[in-house]
Amino acid sequence: MTTDTSTDAFEEHRPVLMGVAYRMLGRVADAEDVVQDAWLRWSAADRAEVREPRAYLVRVTTRLAIDRLRQVKARGEAYVGPWLPEPYVTDFGDTVPDTAERAVLADSVSLAVLVVLESLSPLERAVFVLREAFGYPYADIAAMLDRGEPAVRQLAGRARKHVDERRPRYEVDPAERRDLTERFLAAAAEGDLAGLMKMLAPDVRLIGDSGGKSKAPLRILESADNVGRFLVAVAGKGIPEMSFRFLELNGGPAVLILSGDTPDSVFQVDVSAGRIRSVYIVRNPDKLRSLASA
């Protein structure tokens, strides 16, 4: 196999590898590092021994991501305030024409689900991602992880039960979610507390992630009154040279707020029964760097 052919084969599967690595790690930079390491393994591999390039690459990427996740958990680093995954641009475009498959992929990369996945063991997380997001058969997952198929089925069942018990159940209607996001942004920017209260569910939660590196609530805010008043107070302070743009992040519409050319924050909401149930705000500058050119 020539070098060009080798590179083309890798690039063909890069989106899948990045999807696996990001869902495993919840961090764009770490996922990119893992995919780069997978490329190094691929470029050094004896291609005569590789019958299925995609299976080989997914196996290598998954194992590298497990190792990276174990290192992170072993360090046990304390995080200041609530933790959210790093926002990830997900423009499926024409690559996923099937509506049902698109919905599964979008849900598996949502902030709500990734927060729950953070509490799984690295092996449980790998099995869940490969099975639920990418539909791999148990036998294939077992081969990738060097585990018996019964053990993989047990891991999958345990992970699915854990996620089902903890994940919030929201409707996924892109048009309604986009509409509420736009109206939410307008009301917040105008300091319209009454308008916000009409959109917020009584038990709405606001989760802000700053990592202690910018201003955001250091605990989860609950109730429409607390969330609405906080958003009005924030809008009143303003952001220098503020502008915003809509992006598809983590499988749904989101708003990127900029201060000049610098990403300041990301807002995203979850919706059910016509009301906003969750508000996510990412302000940790380390998690916004990848969006500078988005």
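How do the residues of the lining of the largest pocket divide into nonpolar, polar and charged? The close-up views below take up this point and others in a predicted model.

**View 1. The largest pocket and its lining.**
The largest pocket holds about 780 Å³ of space. It is lined by 31 residues. Closest to its centre are Val234, Ile239, Asp264, Ser265 and Arg283. Now for the opening question: the lining has 22 nonpolar, 5 polar and 4 charged residues.

**View 2. The elements around the largest pocket.**
Five names matter here: α9 (174-190), α11 (224-237), β3 (242-249), β4 (252-259) and β5 (262-272). Each of these elements gives two or more residues to the lining of the largest pocket. Which element gives the largest share? That is α11, with 6 residues.

**View 3. Ser272 in strand β5.**
Find Ser272 in strand β5. Is Ser272 buried or exposed? Its relative accessibility is 14%, so Ser272 counts as buried; the cut-off for buried is under 20%. Now look for Arg177. In sequence, Ser272 and Arg177 are 95 residues apart. In space, their C-alpha atoms are 9.0 Å apart.

**View 4. Helix α8 and its two sides.**
Helix α8 runs through residues 149-166, 18 residues in total. From its first C-alpha to its last, α8 reaches 26 Å. That is close to the 26 Å expected at 1.5 Å a residue. The buried residues of α8 are Val152, Leu155, Ala156, Ala159, His162 and Val163. They lie on the same side of α8 because they cover an arc of only 135° around the axis. What is exposed on the other side of α8? There you find Pro150, Gln154, Lys161 and Glu165.

**View 5. The packing partners of α8.**
Which helices do the buried residues of α8 pack against? They pack against α5 (111-117), α6 (122-133) and α7 (138-145). Val152 and His162 are among the buried residues of α8.

Helix α2 covers residues 28-44. Its 17 residues should span 24 Å at 1.5 Å a residue. The end C-alpha atoms of α2 are 25 Å apart, which agrees. The buried residues of α2 are Val28, Asp30, Ala31, Val34, Val35, Ala38 and Trp42. Seen down the axis of α2, these buried residues fall within an arc of 160°, so they line one face of the helix.

Definitions and conventions
Residues numbered from 1 in each chain as written. Predicted model: local features only at pLDDT ≥ 70, side-chain atom pairs only at ≥ 80, totals over all residues. Heavy atoms only, no water. 1 Å grid on protein atoms, 1.4 Å probe; cavity = no way out; pocket = protein on both sides within 12 Å on 5 of 7 lines; lining within 4 Å. Points joined across faces, edges and corners; volume = space filled by probe spheres on them. Helix = DSSP H or I, 4+ residues; strand = E, 2+ residues; numbered from the N terminus. Nonpolar A, V, L, I, M, F, W, Y, C, P; charged D, E, K, R; others polar. Expected span 1.5 Å × (residues − 1). Buried < 20%, exposed > 50% of the residue type's maximum accessible area, 1.4 Å probe, protein only. Arc of directions from axis to C-beta. Contact = heavy atoms within 4.5 Å.
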